[in-house]
Every structure is written in C-alpha cells, then in structure tokens.
Amino acid sequence: IAFASHAYTVCPPTLDHPFLQSNLEQLDAGMFMDQQTGIAEPVANCTSRLKGSDAQRRVMVLFTDGANNIEAQIKPEQAATIANMFDITMYTVGIGSELAYANVRRRWQHQPANFDPKLLETMAATTGGLHFRAEDSKALQEVMAQIDKLETIDFEQPKFVDYKDLYSAWLYAGILVILLALLFENTVSLKV
C-alpha cells in the first residue's frame with residue numbers, strides 16, 4: 001500500500017513475488033502530487049486486508065519519510081491499536097537522510113528527514129513490533145534482513161505444475177518402426 005495524503009493499493013497480499021515486484025516497479029514517487037503524509041489510512045487499509053488472513057503471523061511494515069500531517073477520522077496510534085486487536089504486528093521504518101523527493105519538476109532536493117520517530121516507536125510498540133531507522137539503501141537492506149530474521153516462519157504452499165506428456169508420440173513412432181521391421185523381415189527380407 002503506497003500513501004501520501006491517501007492510501008493506494010499497489011498490490012494485494014500475495015505470495016507471487018514476480019507479480020509483486022512488477023507492481024512495485026511501476027510505482028513512482030511522482031505519482032503522489034502532494035507533500036502530505038497520512039499514516040493512519042494505510043495502516044487501517046492494511047489491517048483491513050490482513051485481519052481475515054489465516055496465516056500463522058500477520059505482519060505489516062510501515063516505511064515513511066514524513067511525519068503524519070493529515071487530520072483524519074482516526075489517528076495513527078488508534079490505527080495501531082486496531083491492528084493489535086487483530087493480532088497484527090507492525091514494524092515501522094523511518095527512512096531518510098538528507099534527500100527527500102520534491103514534486104517540483106521531479107527533481108531531488110536536499111531537505112532533512114522529517115518523520116516522527118516517537119510516533120513510529122509508539123505504533124510499533126503497541127503491536128509488539130519494533131521501530132527502525134534507515135538512512136540509506138544499505139541501512140534499509142539491513143533493516144529488512146533484521147525483520148526477516150524476526151519473522152521467519154515455515155509454511156507449505158501448494159505448487160501446481162501444468163505439464164503435458166510427450167512420450168506418446170515417441171511410443172507410437174517406436175511401435176511403428178517395430179511393425180515395419182517385422183513386416184520387412186517377413187516379406188522383402190525373406191526373398192533376399
């Protein structure tokens with residue numbers, strides 16, 4: 001779920017990683033033409049999608065580079081409490097160094113990261129998760145590796161293989177060759 005002032009579903013929950021990757025590659029920061037950050041709506045949207053899941057663990061990871069500056073019907077802390085009611089663990093990741101995307105002519109401009117670490121820590125703690133900070137892509141990879149270690153579970157996923165037997169053509173060709181050999185052996189070969 002991507003968000004700015006409103007949340008947008010980029011891809012529904014799936015185990016189809018290529019499908020997820022292709023949807024994420026289509027995502028562009030310039031798609032959201034406002035400078036606002038509404039954190040409660042994506043958390044509520046994600047909770048709505050995960051609450052009916054029969055998975056052993058339900059986990060959401062919130063990445064944000066901005067502080068909540070949207071007055072919505074529900075506050076981010078309330079959204080985290082609702083997620084906790086449905087046994088959903090939330091990890092929050094504050095992203096930012098000195099670069100942030102500016103909507104002016106789609107150019108990168110220097111500005112300090114302005115996410116609210118106290119709010120993100122509170123939200124994560126409410127659901128039993130943790131808060132992380134990622135200042136660059138290397139730190140983000142490390143954060144994801146930590147979360148992966150914390151949330152590793154085993155599950156069986158049915159795998160369907162669609163196949164077509166090709167042996168029948170070779171079988172019939174072999175039988176035909178044997179019959180031709182028998183015919184040749186009992187007709188032309190006898191005269192020779």
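**View 1. Leu 62 stands opposite Thr 92 of strand E4 in a predicted model.** Here strands (E, at least two residues) and helices (H or I, at least four residues) are DSSP runs, numbered from the N terminus. Strands E3 and E4 run parallel and are joined by 7 bridges, and two strands count as paired if DSSP finds at least two bridges between them. This is a predicted model, in which local features need pLDDT of at least 70 and side-chain atom pairs count only at pLDDT 80 or more, while totals for chains, interfaces and linings use all residues. Residues are numbered from 1 along each chain as its sequence is written, and side-chain values use heavy atoms, with hydrogens and water left out.

**View 2. An open sheet is formed by 3 strands in the order E3-E4-E7, with parallel pairing.** At its edges lie E3 and E7, each of which pairs on one side only. Neighbouring strands of this sheet are turned by 20° against each other on average, direction ignored; axes are lines fitted to C-alpha atoms, for helices over the stretch in contact, and angles run from 0 to 180 degrees between N-to-C directions. Helix H4 packs on the sheet and touches E3, E4 and E7, its direction making about 160° with that of E4, where contact means heavy atoms within 4.5 Å. Helix H5 (residues 137-150) also packs on the sheet, touching E3, E4 and E7, and its direction makes about 155° with that of E7.

**View 3. Helix H4 (residues 117-127) has the buried residues Leu 119, Leu 120, Met 123, Ala 124 and Thr 127.** They lie on the same side of H4 because they cover an arc of only 130° around the axis, the arc being that of the directions from the helix axis to the C-beta atoms. Buried means under 20% relative accessible area, exposed over 50%, and partly exposed in between (1.4 Å probe, protein chains only). The exposed residues Lys 118 and Ala 125 are carried by the face of H4 turned away from its buried side. Among the elements covering the buried residues of H4 are helix H2 (40-50) and helix H3 (76-85).

**View 4. Tyr 91 and Phe 132 form a tilted aromatic pair, 6.4 Å centre to centre and with 35° between the planes.** Rings of Phe, Tyr and Trp (its six-membered ring) pair if their centres lie within 6.5 Å, and planes under 30 degrees apart count as stacked, over 60 as edge-to-face and the rest as tilted. The pair links distant parts of the chain, with Tyr 91 in strand E4 (residues 88-95) and Phe 132 in strand E7 (residues 131-134), 41 residues apart.
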